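Open the model in your viewer and keep the sequence panel beside it.

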Amino acid sequence: MSTLTGEQRAVLAAYWWRRAEGEMTSWVGFGHVLDDLRAEGSPAAVVSLAQRAVHDEYQHALFCRDWAVHFGHPRGTPKPRSERRVELPGAGPRDNRLLRITLCCMTETVGCFLLRAVRPRVTTPPLRRLNRRHLADELRHSRVGWAHLSTLDAPSRVVVRRLLPTIYGLLDTACCAGPERDHDELVPFGYFTSSLLRSAHDEALEQVIRPGLSHLGIAAVA
């Protein structure tokens, strides 16, 4: 890290702080999903996984905050970007619950692909340990949504199928519409470039999300 310029450290500090804010937003969002799972009568084991995920997301925000400070960001408390529930205007409460659960399942799946893709390039031991911890958490978090979707009855699968175009649009925005640039030289220090984000999104859709939905009888593979 001693080879970084002052400008590069500033970019990394600002980036890690944005990631801290993003993780705080995920913390809020997983809290909403936890409420949704309870309202849907999801199995106790799934609810328990979601409870742990809420805790994990808060810890992720603190990890990102500490790396932002490491690279020069003033110490402070990152705030969620929004505390509003993700909702489709005009949709009923149940439709919106299934929308949030399914979207969360997909975003965490994309996160697995992203963290796996960058791992070979992360050589600093503390960052590699964080990558390994984060990847393990993302995999467990993705199982929350997938496990719940596997319990849906036929009418509920029809609801999710109808919502998929909207969910795919929200997923693209959540994963690929951020301010990240192609600072490829900063990837070893935890920077996720726009190219990496797009690639992880596309690969997750092709290799897991669409086949998974097909396997559960929710949608055919496109």
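At roughly what angle do the axes of helix α1 and helix α2 cross? Select residues 6–39 for α1 and residues 44–70 for α2: the axes cross at roughly 165° and come within 8 Å. Axes here are lines fitted to C-alpha atoms, for helices over the stretch in contact, and angles run from 0 to 180 degrees between N-to-C directions. Helices are DSSP runs (H or I, at least four residues), numbered from the N terminus.

A note before going on. This is a predicted model: local features need pLDDT of at least 70, side-chain atom pairs count only at pLDDT 80 or more, and totals for chains, interfaces and linings use all residues. Residues are numbered from 1 along each chain as its sequence is written, and side-chain values use heavy atoms, with hydrogens and water left out.

**The first pair, continued**

α1 and α2 are therefore roughly antiparallel to each other. The cut-offs: angles under 35 degrees count as roughly parallel, over 145 as roughly antiparallel, 65 to 115 as roughly perpendicular and the rest as oblique. The crossing of α1 and α2 is left-handed, meaning that the near helix is turned anticlockwise from the far one by less than a right angle. Colour the contact of α1 with α2 by class: 19 nonpolar, 5 polar and 6 charged residues. Ala, Val, Leu, Ile, Met, Phe, Trp, Tyr, Cys and Pro count as nonpolar, Asp, Glu, Lys and Arg as charged, and the others, Gly among them, as polar.

**α2 against α4**

Show side chains at the contact (heavy atoms within 4.5 Å). α2 brings residues including V46, A53, H60 and W67, while α4 brings residues including L127, R133, V144 and H148. By class, the contact of α2 with α4 has 11 nonpolar, 5 polar and 7 charged residues.

**The cores**

Next, select W16, I209 and L213. In the largest nonpolar core, of 48 residues, these three touch the most other members. Such a core is a set of buried Ala, Val, Leu, Ile, Met, Phe, Trp, Tyr and Cys residues joined through side-chain atoms within 4.5 Å. Buried means under 20% relative accessible area, exposed over 50%, partly exposed in between (1.4 Å probe, protein chains only). α3 (93–118) gives the largest share of this core, 10 residues. Zoom in on W16: beyond four places in sequence, W16 touches C64, W67, A68, F71, L127, L130, F189 and G190. Another core, of 12 residues, lies apart; among its members are F30, V54, I101 and V144.

**Single residues**

Go to H148 in α4. H148 is buried, at 2% relative accessible area. Beyond four places in sequence, H148 contacts L37, E40, S42, V46, L98 and I101.

Move to R100 in α3. Buried or exposed, at 9% relative accessibility? R100 counts as buried.

Outside four places in sequence, M106 touches L164, I167, Y168, L171, I209 and L213.

Finish at V208 in α6. V208 is partly exposed, at 29%. Draw a C-alpha distance from V208 to M106: 9.2 Å, across 102 residues of chain.

Notes
Helix = DSSP H or I, 4+ residues; strand = E, 2+ residues; numbered from the N terminus.
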